[in-house]
Amino acid sequence: MLKGRNLIDPMDFTLQELEEIFNYADEIIENPKKFSHICDGKILATLFYEPSTRTRLSFEAAMLRLGGQVLGFSEANSSSAAKGESVADTIRTVECYADIAAIRHPKEGAAKVAAMNSQMSVINAGDGGHQHPTQTLTDLLTIRNIKGTLSNLTIGICGDLKFGRTVHSLIKAMSRYENIKFILIAPNELTIPKYIKVEVLEKNKIEFIEVEKLEDVIEDLDILYMTRVQKERFFNEEDYVRLKDSYILDKEKMLKAKKDMIIMHPLPRVNEIAVEIDKDPRACYFRQAKYGMYARMALIAKLLGADK
Amino acid sequence: MVTINSIKRGIVIDHIKAGVGLKIFNYLGLDKAEFTVALIMNAPSKKIGRKDIIKIENEIDIDFTVLGFIDPNITINIITGEKIESKVKLNLPDKIENVIKCNNPRCITSTEQEIQHSFYLSNRENGEYRCMYCDEVNNNNNVS
């Protein structure tokens with residue numbers, strides 16, 4: 001039963017509950033018209049304390065496509081937070097006006113505080129560098145629909161694996177499925193944190209290897225999940241110059257990749273995927289953004305109990 | 001050695017790791033106690049070399065759970081008629097509230113004043129606690 005629940009952490013839902021959301025998303029994808037009024041009269045509050053074009057628009061599009069309406073703010077300066085109002089007080093007020101809320105906040109744990117102080121469902125739309133569970137739903141729905149399965153996959157994750165919350169959540173979420181192997185591709189400065197290795201990968205006996213260069217492993221991958229490597233994360237210029245090309249996906253590297261490998265990226269992209277790749281049928285990142293909207297449609301409908 | 005009289009009725013908190021006694025003393029608010037209290041520091045111990053001891057001549061409500069977080073190796077002796085009536089062995093509690101504050105500057109608890117500071121035991125083997133909001137690892141060195 002998902003009605004009335006919150007989504008704060010990507011692991012809040014069981015595999016069965018995730019399956020329920022994905023199946024519902026599939027129904028929406030199949031026949032969107034059928035669902036275009038199921039949230040008539042309902043309001044989604046989007047409380048964005050920091051700017052985010054993609055996530056906010058995706059939430060708003062999702063609610064509008066379900067027939068609901070949207071209100072909210074897109075930066076802290078245009079809310080009472082600028083006057084010093086607490087998250088707890090803001091959510092208590094907002095629940096007088098809305099039926100469900102999506103919150104993005106720069107502080108880690110802010111969405112949890114909102115959920116603890118609200119009777120309505122709260123969705124974490126990103127809390128600092130901590131969690132971004134609807135991105136994980138998006139990623140899983142994309143993999144499930146394009147690869148046809150969430151099991152028996154070799155997943156390469158490339159780029160900044162140290163600070164990327166998307167990556168950490170994806171590893172946790174995929175570790176619950178059968179026969180998943182990770183190939184973690186990152187410079188020494190940006191390898192996956194130890195706690196993810198110990199508490200997620202080793203604890204669940206998930207096979208993984210760590211490498212420094214994408215071209216050494218690209219031929220083994222079913223999925224390549226790209227993230228951005230920022231120059232300022234490197235300790236010295238020399239290492240950056242030596243390694244930067246390893247983290248830029250181009251046509252030459254794609255020659256070695258499997259015919260059915262898919263390329264994913266949480267977006268926005270800067271230069272880590274060459275624009276020439278966009279035409280490659282294996283490039284799935286814009287489709288991934290669309291799946292993000294469907295995933296949020298299914299989530300909102302389920303949490304509101306509008307699917308019945 | 002300093003001699004402290006045995007107590008007739010009350011509580012003896014024993015086997016406190018040397019140096020932690022004052023922390024516990026302060027945490028329990030014993031500095032404001034109106035009854036007799038003794039804090040013994042650096043007493044010799046066969047078990048742990050040096051230890052701190054707190055003796056309380058009265059019955060007070062002690063949150064044993066929290067003491068387990070501060071130092072799980074301490075023992076609590078309940079004294080009646082100058083004899084040990086019972087011993088309480090402490091364990092690491094699954095959850096603690098408002099004992100330590102999260103040391104992650106990016107945590108919501110650093111800016112919102114009214115939030116309870118809650119932590120959950122994430123690894124019993126090494127006594128690791130994580131903030132319930134941001135999941136940052138914190139330990140009992142943060143007890144103020």
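**View 1. Helix 5 of chain A and its buried residues.** Pro133(A), Thr134(A), Gln135(A), Thr136(A), Leu137(A), Thr138(A), Asp139(A), Leu140(A), Leu141(A), Thr142(A), Ile143(A) and Arg144(A) are the buried residues of helix 5 of chain A. Buried here means that 20 or more other C-beta atoms, placed from the backbone, lie within 10 Å of the residue's own. This is a predicted model, where local features need pLDDT of at least 70 and side-chain atom pairs count only at pLDDT 80 or more, while totals for chains, interfaces and linings use all residues. Residues are numbered from 1 along each chain as its sequence is written, and chains are lettered from A and ligands numbered from 1 in the order in which they are written. With 12 of its 15 residues buried, helix 5 of chain A is largely enclosed by the rest of the structure. The cover over those buried residues includes helix 1 (15-30), strand 4, helix 6 (165-174) and helix 10 (285-304) of chain A. Helices (H or I, at least four residues) and strands (E, at least two) are DSSP runs, numbered from the N terminus.

**View 2. Strand 3 of chain A and its neighbours.** All six residues of strand 3 (residues 100-105) of chain A are buried. Ile100(A), Ala102(A) and Arg104(A) point one way, and Ala101(A), Ile103(A) and His105(A) the other. Strand 3 of chain A pairs in parallel with strand 1 (residues 43-48) of chain A over five bridges; pairing takes at least two DSSP bridges. Leu44(A) sits opposite Ile100(A). Five bridges also join strand 3 of chain A to strand 4 (residues 121-127) of chain A, again parallel, with Asp127(A) as the bridge partner of His105(A).

**View 3. The side of chain A that touches chain B.** Here 12 residues of chain A are in contact with 12 residues of chain B, contact meaning C-beta atoms, placed from the backbone, within 7 Å. Helix 3 (87-94) and helix 4 of chain A are the elements that give two or more residues to this side. Helix 4 of chain A gives the most, with three residues.

Key. Two residues are in contact if their C-beta atoms, placed from the backbone, lie within 7 Å.
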